[in-house]
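Here is a short briefing on one protein chain. Please look over the sequence and the model before reading on.

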Amino acid sequence: MSDIQVLAVASEIYPLVKTGGLGDVMGAMPGPLAAEGIRIRTLVPGYPSVLEGLGEGEAVYRFDNLFGGPARLLAGSVLGLDLFVLDAPHLFARDGNPYVGPEGHDWPDNPIRFAALARVAASLGKGLLPAYSPDVIHAHDWQTGLMPAYLHYDGGPRPRTVITIHNLAFQGQCPAELLGALGLPDWSYNVEGVEHYGGIGFLKAGLQFADRITTVSPTYADEIRGPELGMGLDGLLRNRSDVLSGILNGIDEDVWNPVTDPLIAARYSTEELTGKRLDKVELQARLGLSPEPDTMLFGIVSRLTWQKGLDLLLETLPALLEEGAQLAIVGEGDAGTEDAVRRVAAEHPGRVACFVGYDEGLAHLLQAGSDALLAPSRFEPCGLTQLYALRYGAVPVVSRVGGLADTVDDATPEAIAANRATGVQFSPVNATELGNAIRRAAALYRDRPTWQGIQRAAMRKDVSWRTPSRRYAELYRQLLAEGPAN
Ligand SMILES: Nc1ncnc2c1ncn2[C@@H]1O[C@H](COP(=O)(O)OP(=O)(O)O[C@H]2O[C@H](CO)[C@@H](O)[C@H](O)[C@H]2O)[C@@H](O)[C@H]1O
């Protein structure tokens, strides 16, 4: 079987640029997929951190005027990742977060910035570089949603297309007046085209025109077909049910491995957990929690948004403190939630601590040092922090939604007896049930042999890319077996 060439396009890729799980997935997928005969090259924006990581790169195309300024397409490889980097200084030469400016608001020209990215991906599918012709173009999230729409309106032969929803909450909506500026024809503005609730919907356009739609867990693939979690796109997703599927994320086992992790204080394995205790002491010291290695420590590392249920956790805090436990929070996000987290930490010195900001090393230490990892999300397409937690023996305590439901085995008496319990699940998602789950986890923690059994089962669980990469390879092969796109 010959290799399949896939052009992936996304606005993040770890380790060059990451604000959350999207970056991790884009950085982790190409390696395992290569073993399945899938060659992935990823097109990403030339943010300063990306250009710095790329070094020289080879200029393979020059645009005199790409959406308002000159640009270059660079090709190169970084740490085994084959990249195209869109060096468009008028769009991407901005420090800090890729999406928001220093005042914390979205960059006003985000529609143009990401239309340019999608346009270049589509053009690569239409022969921009004679030496490179991808079989499939795979878009990820709203930033790249216009790619299948451009190919549709360009007409003529084109590669097959896939779009993956990493988070339906972010849809990329902009005013209809931008249609021309985005390079879309007048007739694209209708409900069967790019129109979405009286504007232009980037993600909507992708979902409308991609040959296949995937999301990052089977349960989320079901949930988004319903009005509750469909976020206004459930009707479209129901109509396209025959091409929609859920493929779980895996983790990068080279980056997230407690046996080798250089970012934690002490390394450990399923057989030898002593190091984990040292990591807990280090985490307590780093965050200013009382140095109590035997006290149960709950951790959470998350974007601080409504999705992630931080407000529920703060409401449930009395239950956690009544159990005598400690809480470590690492995250950044909504200003109100950031303030609430700081306030709670100040009110409970030594018992609750937080780091408000982004710190990759601390995220690793939190996984290594926590006894239990909280993920009380209201919805969760897949979730990576509970997968890292499984690998690091930080027993996940999660809401039973999306990928959390699919990846954590609840510690029922039967599951414990059968040695397959790997965490604690709760439902429905509210503060009362979260409180009950925290109490249940604390009771299990006090029963040391049972707790260690759960920890070890968690650490042994396969959270690698092995199965997911087979599923993606199958998807690409099925798509190509259907013959030419036009
Ligand atoms: N303050 C901080 N400092 C350091 N690291 C931090 C951090 N806050 C978060 N992180 C890191 O960001 C990543 C978060 O990934 P998740 O998949 O859990 O959620 P996210 O909502 O970003 O991703 C979306 O996309 C992914 C990928 O498909 C889906 O799994 C998920 O459900 C969906 O919401 C983890 O690597 C975590 O350690």
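How far apart do the end C-alpha atoms of residues 5–239 lie, and what share of the span is helix and strand? The ends are 29 Å apart, and the span is 29% helix and 24% strand. Helices (H or I, at least four residues) and strands (E, at least two) are DSSP runs, numbered from the N terminus.

This is a predicted model: local features need pLDDT of at least 70, side-chain atom pairs count only at pLDDT 80 or more, and totals for chains, interfaces and linings use all residues. Residues are numbered from 1 along each chain as its sequence is written, and side-chain values use heavy atoms, with hydrogens and water left out.

**Annotation and domains**
- An unreviewed UniProt entry lists residues 5–239 as "domain: Starch synthase catalytic". UniProt positions are given in the numbering used here, feature names are shortened, and annotations may be inferred rather than shown by experiment.
- The protein is divided into domain 1 (4–250 + 466–481) and domain 2 (274–460). These bounds come from an automatic or database domain assignment.
- Taken over C-alpha atoms, the centres of domain 1 and domain 2 are 32 Å apart.

**Between the domains**
- Contact (heavy atoms within 4.5 Å) links 21 residues of domain 1 with 17 residues of domain 2.
- About 1,400 Å² is buried between domain 1 and domain 2, 60% of it on carbon and sulfur atoms. Buried area is the accessible area (1.4 Å probe) that two parts lose on being put together, summed over both.
- The count between the two domains is one salt bridge. The term requires a side-chain nitrogen of Lys or Arg within 4 Å of a carboxyl oxygen of Asp or Glu.
- Lysine 18 forms a salt bridge with glutamate 360; their closest N and O atoms are 3.1 Å apart.

**Helix α10**
- Helix α10 (residues 274–287) has 14 residues. From first C-alpha to last, α10 reaches 21 Å, close to the 20 Å expected at 1.5 Å times one less than its number of residues.
- Buried residues (under 20% relative accessible area, 1.4 Å probe, protein chains only) of α10 are Gly275, Lys276, Asp279, Lys280, Leu283, Gln284 and Leu287.
- Their cover includes β13 (297–304), β14 (326–333), β15 (352–356), α13 (360–369), α17 (431–446) and α18 (448–460).
- Glycine 288 follows α10, with a positive phi near 85°.

**Leucine 263**
- Leucine 263 sits in the loop between β12 (244–246) and α10.
- Why is leucine 263 classed as partly exposed? Its relative accessibility is 42%, and the class runs between the buried limit of 20% and the exposed limit of 50%.
- Leaving aside neighbours within four places in sequence, leucine 263 is in contact with Gly361 and His364.
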